Amino acid sequence: MQLNVNLEKALEYILSRISPLPGESIPLMQALGRVAFQDLLATRDLPSHPQASLDGYALHINDLGRLDSFKVQERLRNGELPRSPLIPGHAVGVVTGGPLPGGTGAVIAQELVTVKEDRVIFTGKTPQGSNIKTPGEDFRAGDLLARGGTRFDAGLLGVLAAFGNSEVMVYRRPRVMILSLGSEIVPFHAEPVPGQIWDSNGPLVASLVTRNGGQVVGVEVVSEKTNGVKEHLLNMLKQADLVLTIGGGASGVCDNALSELQGIGADILFWGVQIKPGSHSGAAIWESKPIISLSGNPAACAVGYQLLAAPVIRAFQSLDPYPHRLSALCPDPYPKKGGPRRFLRGLATCHQDGWRVSLQPGQKNSMLRSLIGCNALVELPAGHPPLEPGSRVSVLLLNNAYTGMESQA
Ligand SMILES: Nc1nc2c(c(=O)[nH]1)N[C@H]1C(S)=C(S)[C@@H](COP(=O)(O)OP(=O)(O)OC[C@H]3O[C@@H](n4cnc5c(N)ncnc54)[C@H](O)[C@@H]3O)O[C@H]1N2
Ligand code: MOO
């Protein structure tokens, strides 16, 4: 077991034990935010045949620049196919996106022609091919639409629908079980007795897991007092791809996460990480299933989750495990100096002159306040001096599952 490791080593220890999960087929409309299991290719040309790009009249290729009066052969409506190819000297009324009769050389906008009974007059000039969408101009059959490992966004779903896909193959969502340890903790829907508090970390972490594409299959609270911690852990490990324990990370007097994990025979990868908050985090493997232990203090729990657990949930879905990093100006001071590498909770926003990140109020590891609206972590290196207002800082963007940034990072 490695003690008090740096963050990079900690991630290396866990990520080296994670492989992407198997794929599954799901309905297209449920795929938003999920991750493509395989490369997606265009199954045919799009459009598949020549189409009009505006409402107007199709003219024969041999008539262009030669005639200015055309007999209307037929007028097509949306969804109708031409009955026959264009006869020279004739025009066919066509609609935007509608098919063109064989022999079409160009389409003339309806506002540029004069309609006289069964004839249309067009005295202008039009080059061959104008206002015609050519087959395959959007995609050619066999074109790569997206690589496996790409997160489905609205555009990709639209494209797949345009090729008639009703099901897509995605990485299975990691099943995650969350176990709060602590004799003083009761589920948020239960009635606490004096000395007890509601479990806020369970719902907090469950929401973060969901935002990262994980499937929360259980949020439970156990303690030494109620017994059965080991049974709970083993039961969860059998059902989940990842178990997150919360609390008992420090060598407290009871509900000690490390000894519970050792008690079930888990292989402890590391215990303690050189970060603040979240220093009392650890990780273990039980029969190839990862367990990550997070601190009980709410902000330490959230930071530990983002730095250690979120990468695992991403890796399970074949996404880049590391969060998106950027540089931003911070208008706020942070007086504390020195100590280990620190991660402050922030709100990052993008402006005309670049990114800014403000520090959330309530930066103590025991406080929940900084977590409302938090979308970024501001990283201060170990031994940092006090942060002056207007400093440039390194920022990790969080929970950006649906911004597309994760799939590019
Ligand atoms: N002697 C020392 N004491 C502490 C140290 C230390 O190094 N030496 N480290 C401090 C730091 S830093 C942190 S962080 C905490 C870590 O504590 P644990 O991970 O062991 O967590 P607990 O003791 O179980 O709980 C800490 C705190 O958080 C509350 N908590 C726990 N679980 C939940 C939950 N699910 N929902 C809401 N709140 C929760 C718990 O009631 C405590 O107030 O240790 C410091 N102490
Ligand atoms: O571990 Mo505490 O998590 O440093 O805040």
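Start with ligand 2 and His 280: a polar backbone atom of His 280 sits 3.1 Å from an oxygen atom of the ligand. Keep in mind as you click around that this is a predicted model.

**Stop 1: around ligand 2**

Now select the residues surrounding ligand 2: Lys 276, Pro 277, Gly 278, Ser 279, His 280, Ser 295, Ala 300 and Asn 365. Sorted by class, that shell has 2 nonpolar residues, 5 polar ones and 1 charged. Zoom in on Ser 279, where an N or O atom of the side chain is 2.5 Å from an oxygen atom of ligand 2. Then pick Asn 365, which has a polar side-chain atom 2.6 Å from an oxygen atom of ligand 2.

While you're here, click on Pro 277. Pro 277 belongs to the loop between strand 20 (275-276) and strand 21 (282-286). Follow the chain past strand 21 and you get to Glu 287, in the loop between strand 21 and strand 22 (289-294). What is phi of Glu 287 near? It is near 45 degrees, a positive value in a residue other than glycine.

**Stop 2: over to ligand 1**

Select ligand 1 next; the space it takes is the largest pocket. There are 19 residues around ligand 1, and Glu 184, Asp 199, Gly 249, His 280 and Gly 296 come nearest. The shell is made up of 5 nonpolar, 11 polar and 3 charged residues.

- Asp 199: an N or O atom of its side chain is 2.8 Å from a nitrogen atom of ligand 1.
- Ser 200: a backbone N or O atom is 3.1 Å from a nitrogen atom of ligand 1.
- Gly 296: a polar backbone atom is 2.9 Å from an oxygen atom of ligand 1.

How much of ligand 1 does the protein bury? Alone, ligand 1 exposes 870 Å², and the protein buries 65% of that.

**Stop 3**

The structure has 3 aromatic pairs. Show Phe 37 and Tyr 171: their ring centres are 4.8 Å apart and their planes are at 65 degrees, so this pair is edge-to-face. Phe 37 is in the loop between strand 2 (23-27) and strand 3 (40-41), while Tyr 171 is in strand 13 (residues 167-171), so the pair links distant parts of the chain, 134 residues apart.

You'll find Pro 47 in the loop between strand 3 and strand 4 (51-52).

Terms used:
Residues are numbered from 1 along each chain as its sequence is written. Chains are lettered from A and ligands numbered from 1 in the order in which they are written. This is a predicted model: local features need pLDDT of at least 70, side-chain atom pairs count only at pLDDT 80 or more; totals for chains, interfaces and linings use all residues. Side-chain values use heavy atoms; hydrogens and water are left out. A residue is near a molecule or strand if one of its heavy atoms lies within 4 Å of it. A polar contact is a pair of N or O atoms within 3.5 Å; within protein, one must be able to donate a hydrogen and the other to accept it, and residues adjacent in sequence count only if both atoms are side-chain atoms. Accessible areas come from the Shrake-Rupley method with a 1.4 Å probe; for residues, only the protein chains shown count as cover. On a 1 Å grid over the protein atoms alone, a cavity is a set of points where a 1.4 Å probe fits but cannot get out, and a pocket is an open set with protein on both sides within 12 Å along at least five of seven lines; lining residues have an atom within 4 Å of a point. A molecule sits in a cavity or pocket if more than half of its atoms lie within 2 Å of its grid points. Ala, Val, Leu, Ile, Met, Phe, Trp, Tyr, Cys and Pro count as nonpolar, Asp, Glu, Lys and Arg as charged, and the others, Gly among them, as polar. Rings of Phe, Tyr and Trp (its six-membered ring) pair if their centres lie within 6.5 Å; planes under 30 degrees apart count as stacked, over 60 as edge-to-face and the rest as tilted. Helices (H or I, at least four residues) and strands (E, at least two) are DSSP runs, numbered from the N terminus.
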